[in-house]
Number of protein chains: 2
Amino acid sequence: MASSIHDLARHLNISIGTVSRALNGRADVNADTRQRVLDAAAKLNYSPNQSGRSLRRGATHSIAFMLQPHPGDQQYGEPFFIPFLTGLQAKLAESGLDLIVVMGAPGDYQQERLRRVVETRRADAVVLAWTRREDERIDYLTRVGFPFATLGRSRSGGKSYPSLDLDFEKAGAEAVDRLVARGHRRIAAIRPSLSLNFGYLFLAGYRKALGRHGIEVDPGLIAEGFINEAGGYEVTPQVMRSKDPPTAIIFNNDAMALGGCKALAEMGVKPGHDIAVIVIVDTPLCSYFSPALTAFRPPLEPMGRRLAEMLLASIPAFAGAEGARIIREVWPLELIARDSD
Amino acid sequence: MASSIHDLARHLNISIGTVSRALNGRADVNADTRQRVLDAAAKLNYSPNQSGRSLRRGATHSIAFMLQPHPGDQQYGEPFFIPFLTGLQAKLAESGLDLIVVMGAPGDYQQERLRRVVETRRADAVVLAWTRREDERIDYLTRVGFPFATLGRSRSGGKSYPSLDLDFEKAGAEAVDRLVARGHRRIAAIRPSLSLNFGYLFLAGYRKALGRHGIEVDPGLIAEGFINEAGGYEVTPQVMRSKDPPTAIIFNNDAMALGGCKALAEMGVKPGHDIAVIVIVDTPLCSYFSPALTAFRPPLEPMGRRLAEMLLASIPAFAGAEGARIIREVWPLELIARDSD
DNA sequence: CGTTTTTCCGTAAACGTTTACGAGAACACA
DNA sequence: TGTGTTCTCGTAAACGTTTACGGAAAAACG
């Protein structure tokens, strides 16, 4: 099973150097010999040992995505990533790169696992998600000079690394606009910790839009919970018990909305009927919920592909002739109107 | 950043051999020297290059989990895995092993990616999920003699590899028993393709229990759909439009149930009121749905830990003194009674 | 035919580890 | 003092690649 380049060379009676050159498509090898090598490689089922190759080349030809069970939760956060990873992997594969997903241990917010990946040189670059406003991972990676890209931004938004984010601020504002246009003025916002940057951005858009409409921000209508079903469930009653309860709620993600709607149901409040509900980040859940939830849909698969491009473009070793460059993009979210608002 | 064992050796004025032995805890190195090496390693922030180590040792010290966007769907299937992977990773980490998750390209059912992992020796073993009744991946891995374990069984259920599965057959039967005890006799089953082994097992249990209760199996009450929301949504109306419609439905998983309930709602049928609903595999979705869905909950995180143990026990290089052995286990599913039945 | 260029290939070093082997020093023992 | 044992360490080979270098043969050119 473990056929090495030596086996190939012995089998063909030529030197390993020639075999390697033939396999790697170098110019200085006769067309005949190349073909013989290729045939033999197919016959012997040869494929290069990754460790040997990485060691020699000083590159692993793989990119790591850091996947983290979110603090305070083990279940949520990942269905979101699957289409994204599909796009990421597809684009990386076009450049002959492997995508590996590294599971973080719960709790340490990836510092330990990230260090491990970097220090043992398991990947040539990493992709981060769940970016925080102050993100120690970003600091670490820039400090040690390890290539990376982020899905999401951090506060500094430094120009030193590529990032692709969604325009949560605009989505927050648009949600408010839409609700105000439908006559709502008591609009609640259920969001995760502001340390998560998308929560921060959402709230900024929410505030700005309310201001634009001359509506005063009522702190009693803003609540923070864990970014999962339990969080939404726990926190929604708080805003509903406000002296002057909301007639509409904007949830920062689908899981919180699900929990929130559960709480509403228990209070006898029906979304789309007694109260308007809008969700910022759409998943299939939203469309199959009853009532179907109006939500902002991110184009996850294209985002994955794009971030792969941006990452590769930022790394000299992978960037083509035009040289490395840092790209930062913010994509709009598209509202899918359904039955809940 | 790239401090190697040579840097350490030069810095301490000793040979690289000694450094390596000190780092690896070998006996033939003086206690003083060992300490000096350890200190220097910490100071220089040394950690061994993974490629070099793998090359020399002939082992990567990492285990690959094959993650696959399910055919016909990009969004579903993965929240299920997160707690499982958390357990898997935790246990592997105790043995100094890394868990990497390898994304399959959509469509090829992992064959191509799996071959790549195996042939380039990227991992020492792999873990498979979504086992099919006839599983080409299992055939391939056994044929080439690559170590692996499965979450789920295949038809053959060969004794050659460790596997951990849930007792879907018993759960299917228990669901029927429960519904019959509550007076139902027209019980529908919504399931995925029988090529997926858990779908097959579920149906077997369903049939067996019906037989035990002297209820004839009505093919019109059994429907097959894609294992996602869309599948449940599409297929549920079929059984409802049966001449003699069901008074209860058992869904084979949460996503199908979600889609099915959507379809029911559109038909004006209310789960837990007009019809009983039971879900075989529980996720947080089920408890936050309205009404909360009665479901069978798998202990995912312990399953991950256990499968890691079983995998390691099956590999001579990792098994302790007692030698390698193949363990196969089937765990019960626990019913969580909620409001839908 | 002599010279230069091109084509093709073998040699060997290097990447960063681990480890078998052997040797010097220290020590124990008679 | 001589012999044997135990500690400790250095040397060097090996893992499977890639690639710089050089050289032999073939081709091109005058």
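Here is a guided walk, from the overall picture to some local details.

First, some housekeeping. This is a predicted model, so local features are included only at pLDDT of at least 70 and side-chain atom pairs only at pLDDT 80 or more, while totals for chains, interfaces and linings use all residues. Residues are numbered from 1 along each chain as its sequence is written, chains are lettered from A and ligands numbered from 1 in the order in which they are written, and side-chain values use heavy atoms, with hydrogens and water left out.

Start with chain A. Its C-alpha trace spans about 85 × 35 × 35 Å along its principal axes. Chain A has 341 residues, and 58% of them count as buried. Buried means under 20% relative accessible area, exposed means over 50%, and partly exposed is in between, using a 1.4 Å probe and protein chains only.

Now look for the sheet that involves both chains. Strands of a sheet pair through backbone hydrogen bonds, and they can do so in a parallel or an antiparallel way. (Axes are lines fitted to C-alpha atoms, for helices over the stretch in contact, and angles run from 0 to 180 degrees between N-to-C directions.) Zoom in on strand E5 (residues 163-166) of chain A: it runs parallel to E11(A), and four bridges join the pair. In this pairing, A:Asp165 sits opposite A:Val330 of E11(A).

Next, find strand E6 (residues 187-191) of chain A. Why is this strand largely enclosed by the rest of the structure? Because five of its five residues are buried. On one side these are A:Ile187, A:Ala189 and A:Arg191, and on the other A:Ala188 and A:Ile190, so both faces are covered. E6(A) pairs in the parallel sense with strand E8 (residues 248-251) of chain A over four bridges, where A:Ile190 has A:Phe251 as its bridge partner. E6(A) also runs parallel to strand E7 (residues 222-224) of chain A, with three bridges, and there A:Ile190 stands opposite A:Ala223. To get from E6(A) to E7(A), the chain goes through helix H9 (residues 197-212) of chain A, a right-handed β-α-β crossover. Right-handed means that, with the strands pointing away from the viewer, the path from the first strand over the helix to the second runs clockwise.

Time to visit the DNA. There are 26 residues around DNA strand C, and A:Ser15, A:Thr18, B:Ile5, B:Ser20 and B:Arg56 come nearest. A residue is near a molecule or strand if one of its heavy atoms lies within 4 Å of it. By class, this surface has seven nonpolar, twelve polar and seven charged residues. (Ala, Val, Leu, Ile, Met, Phe, Trp, Tyr, Cys and Pro count as nonpolar, Asp, Glu, Lys and Arg as charged, and the others, Gly among them, as polar.) Which element gives the most to the surface near DNA strand C? That's H2(B), with four residues. For a base contact, check B:Arg21: an N or O atom in its side chain is 3.3 Å from a base nitrogen of DNA strand C.

Most residues other than glycine have a negative phi, and most peptide bonds are trans. A:Ser290 and A:Pro291, however, are joined by a cis peptide bond, with omega about -5 degrees. A:Pro291 lies in the loop between helix H12 (284-288) and strand E10 (294-297) of chain A. B:Asn13 isn't a glycine, yet it has a positive phi of about 65 degrees. You'll find B:Asn13 in the loop between H1 and H2 of chain B, and it is exposed, with a relative accessible area of 70%.

Conventions:
Pairing = 2+ DSSP bridges. Helix = DSSP H or I, 4+ residues; strand = E, 2+ residues; numbered from the N terminus. Polar contact = N/O pair within 3.5 Å; in protein donor to acceptor, adjacent residues only side chain to side chain. Nonpolar A, V, L, I, M, F, W, Y, C, P; charged D, E, K, R; others polar.
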